[in-house]
Amino acid sequence: KRKWINYSSGEELFGLTVTQYPELEKTEKEIQLLDRLYSLYVNVLTTINGYGEFFWVDVMAQIDTMTENVMQYQAQCKKLPKSLRGWQAFRDLKKKIDDFLEILPLIQALCSKSMRNRHWQQVMAV
């Protein structure tokens, strides 16, 4: 990019026609889109994997925050350009979010005050 700007500036300085590089422009746009995708991907993986390190008491206290965060990630994922939807990283990201949203109601049920010791014994038996 820096060389491209230097060459264009030099062409302008000497009164030459500025050379267009459509391949570079296309590549630059693609890199910007992929940066958005992979930034979100890293944030989602870091957040969801970080939830696995919570103590159960912390999960119970943070369940609403966890739900809000993942719902925000889902909204951000839906806002990504359609051109990225063909990428495997997009499909992996969407699957990671959807999988977590699928197990979230189970986690919420396990956080319920109605869970008794006998229920935990049944869960551990499975």
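**Notebook: salt bridges, rings, core and loops**

I began with charged pairs and found that the side chains of Asp 98 and Lys 94 meet in a salt bridge, 3.0 Å from N to O. I took a salt bridge to be a side-chain nitrogen of Lys or Arg within 4 Å of a carboxyl oxygen of Asp or Glu. The model is predicted, so I kept to its limits: local features need pLDDT of at least 70, side-chain atom pairs count only at pLDDT 80 or more, and totals for chains, interfaces and linings use all residues. Residues are numbered from 1 along each chain as its sequence is written, and side-chain values use heavy atoms, with hydrogens and water left out.

**Entry 1: salt bridges**

How many salt bridges does the rule give? I counted 2. Besides Asp 98 with Lys 94, I noted Asp 99 with Lys 95, where the closest N and O atoms are 2.9 Å apart. Helices, for this notebook, are DSSP runs (H or I, at least four residues; strands are E, at least two), numbered from the N terminus. Asp 98 and Lys 94 are 4 residues apart in helix α4, so about one helical turn separates them. I read the spacing of Asp 99 and Lys 95 likewise: being 4 residues apart in helix α4, they are separated by about one helical turn.

I then looked up accessibility, calling a residue buried under 20% relative accessible area, exposed over 50% and partly exposed in between (1.4 Å probe, protein chains only). Asp 98 is partly exposed because its relative accessible area is 28%. Lys 94, at 39%, is partly exposed, and Asp 99, at 33%, is partly exposed. As a distance check, I took Asp 98 against Asn 6: they are 92 residues apart in sequence and 45 Å apart in space, C-alpha to C-alpha.

**Entry 2: aromatic rings**

I listed 3 aromatic pairs. Rings of Phe, Tyr and Trp (its six-membered ring) pair if their centres lie within 6.5 Å; planes under 30 degrees apart count as stacked, over 60 as edge-to-face and the rest as tilted. For Tyr 38 and Tyr 41 I have ring centres 6.3 Å apart and planes at 70 degrees, so this pair is edge-to-face. Both sit in helix α2, 3 residues apart, so the separation is about one helical turn. Tyr 38 is partly exposed, its relative accessible area being 38%.

The rings of Tyr 51 and Phe 54 have centres 5.6 Å apart and planes at 70 degrees, so I put this pair down as edge-to-face. Is Tyr 51 buried or exposed? Tyr 51 is buried, because its relative accessible area is 10%. Phe 54 is partly exposed at 32%.

**Entry 3: the nonpolar core**

I defined a nonpolar core as a set of buried Ala, Val, Leu, Ile, Met, Phe, Trp, Tyr and Cys residues joined through side-chain atoms within 4.5 Å. The largest such core has 23 residues, and those touching the most other members are Leu 37, Leu 40, Val 44, Leu 80, Leu 93, Ile 97 and Phe 100. Helices α2, α3 (56–79) and α4 (88–110) each supply at least two residues of this core. Which helix gives the most? I found that α4 does, with 8 residues.

I also looked up what Ile 97 touches, with contact meaning heavy atoms within 4.5 Å. Leaving aside neighbours within four places in sequence, Ile 97 is in contact with Val 44, Val 70, Tyr 73, Gln 74 and Cys 77.

**Entry 4: loops**

I turned to the loop between α1 (2–13) and α2 (22–51), where Leu 16 lies. Leu 16 counts as exposed because its relative accessibility is 53%. Gln 20 is found in the loop between α1 and α2, and its relative accessible area of 55% makes it exposed.

Lys 113 has its place in the loop between α4 and α5 (117–125). Lys 113 counts as exposed, at 69% relative accessibility. I noted that Lys 113 and Met 60 are 53 residues apart in sequence and 9.9 Å apart in space, C-alpha to C-alpha.
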